[in-house]
Amino acid sequence: MSNSFYPVVAGRVSDSLNRTRSLSQLQYDQIALNKLQTQIASGQRFTRPSDDPGSAIRVLALQRLQENQGQRLVNLKSAENYLGTSEIALAETNDLVNNAKSILLEAANTVTSDSDRQALVFQLDNQIDRLISLGNRQYQDRYLFAGGLVRVAPFTTTTNDGILFNGDSLTLNTIGDQDSLIGHSISSEQAFGVSSQGVIGLTDLAPLATLQTKLENLNNGQGITKGAIQLSDGNNQVIIDLAKSHRLGDIVETLNGKTLGDREISATLDGNQIRIDFTDGLGGTLRIANVGGGRLASDLGIETVVAAPGLPIVGRDLQPVLTRNTGLDQLLGGAGFDLSGSIKITQGNRDYAIDLTGSQTIEDVLIKINNSGAGVRADISTDGRRLQIKSALSGVDFSISEVSGNLASRLGLKTFHGNIRLDDLNHGQGIYRGEGDDLEITRTDGTAFKISLAGAITVNDAIAIINNHVDNQDPALKITAAVNNSGNGLVFSTPLSGLPDEKFVIGNVGGSQAATGLGLIPPGEAEAIGSSDGTNFTITGKDSNPQEVDGLFNTLLRLRNAIRDNDQSAFARISTALDDDANRVTAVRGRIGVDQQQIESLQYSNEDQILKATERQSEILDTDFASAVAELNSRQAAYEASLRLLAALNSTSLFNYL
Amino acid sequence: MSLFSSIQQSSNALRVAQLGLQVTGNNVSNANTPGYIRQRLVQAPANGYQQGNLVIGQGVVAVGVQQQIDYFVTDRLRETQSQLSYQQSLVDGLQNLQDALNELGDQDISSALSRFSNSLQDVANDPQSNSVRAVAIRRGEELSLAVRTLSDKTKSVQQQATQEIATVSTEINRLTDSIANLNKRIVETEGGRISNSDAVGLRDERLSKMNELSELIDFKATEQSNGAVTIIVGGDYLVADGFSRQVKVSLNSSDSAQPTEIRLIDTDSKLNVTGGRLRGLYEQRTAVGGSFGSQLDSFAKNVINIVNRVHSQGQGSIGFSSVTGETVVSKPKSPLEQAAAGIDIDNGSFRIDVRDAATNTSKSYEINVRQLGDFSDTTAEQIASSINAIDGLEASIGNDGRFRIKSDSESISFSFAEDSSGALSALGINTFFVGDSASNISVRNELTKDSRFLAVSLDGPGSGARNALALTDAFTKGQSQLDGLSLQENYESFVARTAQDINSQQTITDGLQNFRNALEARHLGISGVSLDEEAANLLLYQRAFQASSRVISVANELFDTLVNIV
């Protein structure tokens, strides 16, 4: 009825027409008045979407925008709170690092007595406790520095004086704006440093693809592009859609049995390659091409470029990566990896023998290592072909070696091996060499010779220099240097000569500390004397390449231990580490500052968007009161006029004049 | 010519003038009677007689009383009325739905969608809080309740239409009965005379009954030579002479949107209408149950499927010790896509992580779901046996057709992840919503009981809330299943379509209303009483009476003169 009107007709006009028309007019006027009253009362120009569908759709979209942006403001506020609270904890951490630095300076410069050291150790223990409580700080029941494991206290002390990180590396995100995620948790790794550098296996485990291998795990984990391929034999061609494929087997199965002309196609997985031929094996022309803009044939390496390629067509190495479910029999190109045996993980003064026997899959291996209690995280390396182990236990030395046998070596996980750079030994301090010769070795015949390690880069270089030294070529007196097969470190050996008072001694030469640095001479001693097993003299060096967590917890524990043990030599290293820790915390605080700025600018822009949307919605939906009231007045006037008209029409009649 | 005949002539005129007065009086009396057709006295010069060379007129005679009506206009008016009633009734039904949608405010489904999506973001903000999770679940319940309520309202609009159809059936019978009766009486009254309007009052009544009927159904009316009208609806006689055919409401099993229809009792065939309120009611049910209802259902289904697919791949803050699928698997031995109605599966796999609290170990297992469209595709039973093969888990398809997975021991719990196949969602495992339409959408019972099962994590039970953001994305970001629209936009486009439909329907209705008004105006112009005109007629008849009386008086004087001569 909204737009209806009652027409005036030409010709005869009857009283009933007049009446109906007037009544209709009154009706329309009343409806219009009602509408205006509703507009004024509700404040909305229309209340039903159908009154103005175009505007209503825009209003719905604007309302959605406001609701979504409103929530984003809530998200930003929440992120601001969490980041702000984290920042406060980190500011305190900065202070704590500065305190630790002063304690270090005090210890290095002035303090000598045991009781003074004791006092500093006590202070440091307090600082460490405070650091643990900072790391475990909670806000609204969330452990701020636990990563994704928000209900787990991230830092706990362990029985061997270490501090274990129990969190994970997940960052919690919230939506700051369409397509813009804001992190509202701080990574402990970035703020404090909670894990060691990964010990990445030297052994390429070279997994073999199987029919069950997922396409996403091929191509070094980059995956391959799904799509279709086209086969042709020169006369016939067929397009085979492989877009639904999820595993290699899906591709092979789908291709198998397809016909080209009247010849059947066969596809097999051979090693890490796909092989395609005619089933009858009679040769002929078979060409394979990508379809459209697809890349599947290229990715599988079966695209043919010559007119008559040789059969079978063999694809490229699909380069699968390890997954948790990769079977050990798939390793080493399908030869399988015998994981029977154990590896030893040493954390400080505790050894953990981990028996990997019975593992079927990579996951079994990872679980055994991770659940060993050693405080390490085993995983697949980022290149997807090796194992990788990190320590999460701060404050103690970490190493991997053999229990017996050679499993750690076969996995390439031993932390001491010939390819380690000498500069990396001893927590990266290297070995201290003076001018000229470094080692003096006294042979079993009482003669001595000196060796310079100049030019040696790696442990193997040093071993080669020693073993190939011109003065070390007499088989009866030969000194053989080697990497310890079982433990970590070097082993020097020489046969017994049978002479009286024979002995085998290694010492540093002049100012060089190389023998000490290589772990052959214990710290504080002048020389190492070989022990005899009846056949050979042997000097077994200690592990000169211990690993450790690179972070603040570790540094403070190390500092505490160094002061307690009065180990002045460690101070320089610890001082550098403290600087690194301070820089790390400062950098994270800087990033929080940047994030907070971003949050602030997003808040402004979101508020602005909400404001604009509200304005726009108001323009569309809200009643324009001035015009509504004006129209109401004119409608009322019209209504009154209609009433008068009706009355006037009924009052005049010819009968009045009869 | 004699003086007598002059008197006779004038006395005829007097009679006609009196009749004229009566007709005028009748018109004046009925000036306000609805449906009254004004009448006119038809008068004609009486036949003259020949006297010698002269033909002398005998005055005036009243031929009849005629209704002033244009049947072309009334027929058009009725047809238009039928179409208008049809459109009006359709608009009314759609308006009811629009009122049920209650959009443009903040208590509508679009707001419920936003609130649910927003509450999931709150979970991402505070993944540690169980109460925030509980609120998110509550928001999910609110959304499903809003959808169910709308579905119920849709049904009640349909039911109302069905009830009205029953009323229309009764009305049709009443009107056709009385039209048939009036036919009889008109034929009797007019007795075969051909003025076509002798039974004036009866004809008025019949016309108004026909007008009433035209609001209910559209029909063709033809007047027979005897004065009776025949009413034909969609090729079937409804009224012929004094007879009417009765209609009844019958159940219709062939079309679920049209559970009842009006049929002719004698032939049990559907009354085929193309207008009137009846057609409007029929179409209301189609529009409501068909178009609107199915759009609402498909929206609900989209919400269920998309949210479930994301949710089923996530983990709560604890793992499951047992879980029961919501989908009834009717064919466990058939490929999964045929195992139950409406299952949507891709070729892929999903992961089950089994955690043993006693040894603190968590192992993951890949369950392959082959779906290449052939007979080797994975069946529900095969999935069950793959899961069964996992140490610590038992899986089966129960007698009720539901998929069940449970752990062997108290220390073992399990969770799901990375489902590229959609099998979990399809089997109703670890889903958020249950149901498959707007009428039965609800939140999974386990979730309302224990908010810790809200699957907001992707990195293992209790770790972070990446899945909460993924769930939010389903509402705010484009989905491939929805041609790039988000769920919110999907719903808006549904509202927009409804609003557009109503708007265009309203425009049609307004057009018809104007047309009907124009026709009614013409009809009233022709058939309505004009008092001024009647007053003029009154004067004319009065004057005619006075003049004829004067003629008689003059003739009488002349007569006296002649008599006095004698």
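Helix 7 (residues 362-370) of chain A lies across strand 17 and strand 18 of chain A. Helix 7 of chain A runs at about 170° to strand 17 of chain A. Angles run from 0 to 180 degrees between N-to-C directions, with axes fitted to C-alpha atoms, for helices over the stretch in contact. Helices (H or I, at least four residues) and strands (E, at least two) are DSSP runs, numbered from the N terminus.

This is a predicted model: local features need pLDDT of at least 70, side-chain atom pairs count only at pLDDT 80 or more, and totals for chains, interfaces and linings use all residues. Residues are numbered from 1 along each chain as its sequence is written, while chains are lettered from A and ligands numbered from 1 in the order in which they are written.

**The sheet**
- An open sheet of 3 strands in chain A has the order 7-18-17, with antiparallel pairing (strands pair if DSSP finds at least two bridges between them).
- Strand 7 (199-200) and strand 17 (376-380) of chain A each have a single partner strand, so one side of each lacks a neighbour in the sheet.
- Strand 17 of chain A is joined to strand 18 (residues 387-391) of chain A by 5 bridges.
- L387(A) in strand 18 of chain A is the bridge partner of I380(A).

**The helix pair**
- Helix 2 (residues 53-109) and helix 3 (residues 114-135) of chain A have axes that come within 10 Å and cross at roughly 165°.
- Helix 2 and helix 3 of chain A are therefore roughly antiparallel (angles over 145 degrees).

Note on methods: Two residues are in contact if their C-beta atoms, placed from the backbone, lie within 7 Å. Angles under 35 degrees count as roughly parallel, over 145 as roughly antiparallel, 65 to 115 as roughly perpendicular and the rest as oblique.
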